[in-house]
Amino acid sequence: EALRVKGVGPKLSESIGLWLQFEEQKRSEPLRMVASLRHDAEGKWWTITLCGTIAWRNWGKRAGGRDGPGMDKWETLNSASEALAWAVHA
């Protein structure tokens, strides 16, 4: 009862759709982390991982020397080389 969702807005719906697309593509394409940063002074972290034509950017705060929960963003591009170019310039 407490977890019942009455509706999902367009932004959340799009994000869930991209996550599902990424999860599906992981079944046939290898994951490739292309960037990672841990910034202890600012207490932040981020990574960019590629899976075929999808780039996954994940970032968050650090606490106690560990990565805390993060935010996710997926970009769907036309080719794996375009995804890599996007990741390099993100």
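**Setting up**

This is a predicted model, in which local features need pLDDT of at least 70 and side-chain atom pairs count only at pLDDT 80 or more, while totals for chains, interfaces and linings use all residues. Residues are numbered from 1 along each chain as its sequence is written, and side-chain values use heavy atoms, with hydrogens and water left out.

**Whole chain**

Show the protein chain as a cartoon, where 2 helices and 4 strands can be found. Helices (H or I, at least four residues) and strands (E, at least two) are DSSP runs, numbered from the N terminus. In sequence order the pattern is α-β-β-β-β-α. The C-alpha trace spans about 40 × 35 × 20 Å along its principal axes. Of the 90 residues, 24% count as buried; buried means under 20% relative accessible area, exposed over 50%, and partly exposed in between, with a 1.4 Å probe and protein chains only.

**Salt bridges**

Side chains of opposite charge can pair when their charged atoms come close. A salt bridge here is a side-chain nitrogen of Lys or Arg within 4 Å of a carboxyl oxygen of Asp or Glu. How many salt bridges does a search of the whole structure find? The search finds 7.

Select Arg 38 and Asp 67. Their closest N and O atoms are 2.9 Å apart, in a salt bridge. This pair links distant parts of the chain, with Arg 38 in strand E1 and Asp 67 in strand E4, 29 residues apart. Arg 38 counts as partly exposed because its relative accessible area is 37%; Asp 67 is also partly exposed, at 34% relative accessibility.

Is Arg 62 buried or exposed? Arg 62 counts as buried because its relative accessibility is 18%.

Next, select Glu 24 and Arg 27. Their side chains form a salt bridge of 3.1 Å, N to O. Glu 24 is partly exposed, with a relative accessible area of 47%, whereas Arg 27 is exposed, with 69%.

**Nonpolar surface patch**

Switch to a surface view and select Val 8, Leu 12, Ile 16, Trp 19 and Leu 20. These residues form a nonpolar patch with about 450 Å² of accessible area together. Patches are made of residues with over 30% relative accessible area and no salt bridge; like charges are joined within 9 Å, and nonpolar side chains (Val, Leu, Ile, Met, Phe, Trp, Tyr) within 5 Å. Accessible areas come from the Shrake-Rupley method with a 1.4 Å probe, and for residues only the protein chains shown count as cover. Val 8 lies in the segment before H1 and is partly exposed, at 43% relative accessibility.

**Largest pocket**

Select Lys 11, Glu 14, Ser 15, Leu 18, Met 71, Asp 72, Lys 73, Trp 74 and Glu 75, which line the largest pocket. Helix H1 (10-26) and strand E4 (66-76) are the elements that give two or more residues to this lining. Which element gives the largest share of the lining? That element is E4, with 5 residues. By type, the lining divides into 3 nonpolar, 1 polar and 5 charged residues. Here Ala, Val, Leu, Ile, Met, Phe, Trp, Tyr, Cys and Pro count as nonpolar, Asp, Glu, Lys and Arg as charged, and the others, Gly among them, as polar.

The volume of the largest pocket is about 260 Å³. On a 1 Å grid over the protein atoms alone, a pocket is an open set of points where a 1.4 Å probe fits, with protein on both sides within 12 Å along at least five of seven lines; lining residues have an atom within 4 Å of a point. Points are joined across faces, edges and corners, and a volume is the space filled by probe spheres set on them.

**Distances across the model**

Select Gly 70, in strand E4. Gly 70 is partly exposed, at 35% relative accessibility. Its C-alpha atom is separated by 21 Å from that of Ala 83, 13 residues apart along the chain.

Finish with Gly 7, in the segment before H1. Gly 7 is exposed, with a relative accessible area of 57%. Gly 7 and His 89 are 35 Å apart, C-alpha to C-alpha, and 82 residues apart in sequence.
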